[in-house]
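I opened my notebook to look up a few things in this structure. Here is what I wrote down as I went along.

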Amino acid sequence: MSNITDPAPDTSPAATDPVERDIVVRAPIDTCFRVFVDDFATWWPSEHHIGDDRTITNFVIEPFVGGRCHDVDTTGFECQWGTVLDLDRPNRLVIAWHIQGDWTIDLDPALQSEITVTFTALDDHSTQVRLVHDRLERHGSGAIGVRTGVSSPGGWGGLLLRFGDVAEGHDARPLPT
Amino acid sequence: MTTNLLLQRRGDADLTLNALGDGTRRAIVDLLAERPRAVGEIADLLPVTRPAVSLHLKVLKDARLVRDEAVGTRRIYRLDQTGLEMLRTYIDRLWAGALDRFAAAAEATHRAEGRDAPPRPATTDAEERARLAPPRSTRTTGSTRTTRDRST
């Protein structure tokens, strides 16, 4: 009888691979950084927000370490989906991403992936912008639950009750503590 | 369309909740969270028979909580990460469209500030751009979610 050879880590490589994107922008590095951060609302696709019933009036990246990345809807509600982890104007921006695999938001740092945006001047009027969104496995660790959390009320069961609440159009109940 | 999406998600949630509404199945999920395992190994660790474990695994698989793969003559079960895979796909498409919009905005700003920018070659998939770019699309990925945290 053969042994199971080296059980693979319980993550699908495809699901946790970093998302990497490069683009060359015909604008100086200072302009690129400013538009990316300070003029975020001018380019962020407005349909990308959480909550079908919300009409968004603004998208914001607060330009300092610890700043919130959030949208604002017509009721004034601010939905924070990210946090600025590092900001080195005009070279680099790192943002934590708090949107989980079940489309809820959890600000727990153990459950956040990271977006690193690097700006490199190619010459005086063109800039390479490289975006890497990695640590995606952290969302998986939340979704499947750590060993001790799986059978606890705040583990799978609680998460799925929240999922059910939202699927039925209610606010998700708070997780038990 | 939204209603269909809601119903579908409601159905998924019911399936998942039902699958986890059983102590043995929760114990199986617990064991698979540690590492992937074969049916026999799970049966050895729980006070249930191997056929019973197989039936429980089928319920969990139908709910997309676990998936299986053949390794040699054995079938190895592991937790399914469908949610994570969906999230990665969303993120990948999101950045493809968003970065094009960003580049266009940065170049427009640059032009408005007085210096001409030469045309930028297309660097990402045009179809993605077309899908993501319309600013008033009614399609909203993750549309039925609400947030748990109101920021302080």
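**Entry 1: ground rules.** I call two residues in contact if their C-beta atoms, placed from the backbone, lie within 7 Å. I note that this is a predicted model, where local features need pLDDT of at least 70, side-chain atom pairs count only at pLDDT 80 or more, and totals for chains, interfaces and linings use all residues. Residues are numbered from 1 along each chain as its sequence is written, while chains are lettered from A and ligands numbered from 1 in the order in which they are written.

**Entry 2: chain A overall.** I looked up the helices (H or I, at least four residues) and strands (E, at least two), which are DSSP runs numbered from the N terminus. Chain A has 5 helices and 7 strands, and along the sequence they read α-β-α-β-β-β-β-β-β-α-α-α. Next came burial: a residue is buried if 20 or more other C-beta atoms lie within 10 Å of its own, exposed if 12 or fewer, and partly exposed in between, with C-beta atoms placed from the backbone. Of the 177 residues in chain A, 41% are buried. I also noted that, among contacts in chain A with a separation of 6 or more, 40% are between residues 24 or more positions apart.

**Entry 3: one residue, A:Leu131.** I found A:Leu131 in strand E7 of chain A. Is A:Leu131 buried or exposed? A:Leu131 counts as buried because it has 20 C-beta neighbours inside 10 Å. Leaving out residues up to four places away in sequence, A:Leu131 touches A:Arg21, A:Ile115, A:Val117, B:Trp95 and B:Leu99. A:Val117 is 14 residues away along the chain, yet the two C-alpha atoms are separated by 4.5 Å.

**Entry 4: helix H2 of chain A.** The buried ones are A:Ile29, A:Thr31, A:Cys32, A:Phe33, A:Val35, A:Phe36 and A:Val37. Their cover includes E1, E2, E5, E6 and E7 of chain A, together with helix H5 (82–112) of chain B.

**Entry 5: the cores.** A nonpolar core is a set of buried Ala, Val, Leu, Ile, Met, Phe, Trp, Tyr and Cys residues joined through C-beta atoms within 7 Å. The largest one has 39 residues, and those with the most contacts inside it are A:Cys32, A:Phe36, A:Val129, B:Leu99, B:Phe102 and B:Ala106. Which element gives the most to this core? H5(B) does, with 8 residues. I then followed A:Val129: apart from neighbours within four places in sequence, A:Val129 is in contact with A:Ile23, A:Val25, A:Cys32, A:Val117, A:Phe119 and B:Leu99. Apart from this core lies another, of 16 residues, among them B:Ile28, B:Val29, B:Val66 and B:Ile76.

**Entry 6: pairing in chain A.** Strands pair if DSSP finds at least two bridges between them. E4(A) and E5(A) run antiparallel, joined by 6 bridges, and a hairpin of 3 residues connects them. A:Leu87 has A:Leu93 as its bridge partner in E5(A). E5(A) and E6(A) also run antiparallel with 6 bridges, and here A:Leu93 is partnered by A:Val117.

Entry 7: Most residues other than glycine have a negative phi, and most peptide bonds are trans. In the loop between E4 and E5 of chain A sits A:Pro90, and the peptide bond from A:Arg89 to A:Pro90 is cis, with omega near 0°. A:Arg135 is not a glycine but has a positive phi of about 60°.

**Entry 8: chain B.** In chain B, 3 strands form an open antiparallel sheet in the order E1-E3-E2. Strands E1 (37–38) and E2 (66–71) of chain B stand at the edges with a single partner strand each, so one side of each is left without a neighbour in the sheet. In H4(B), B:Val53, B:His56, B:Leu57 and B:Leu60 are buried. Seen down the axis of H4(B), these buried residues fall within an arc of 105° (taken from the directions from the helix axis to the C-beta atoms), so they line one face of the helix.
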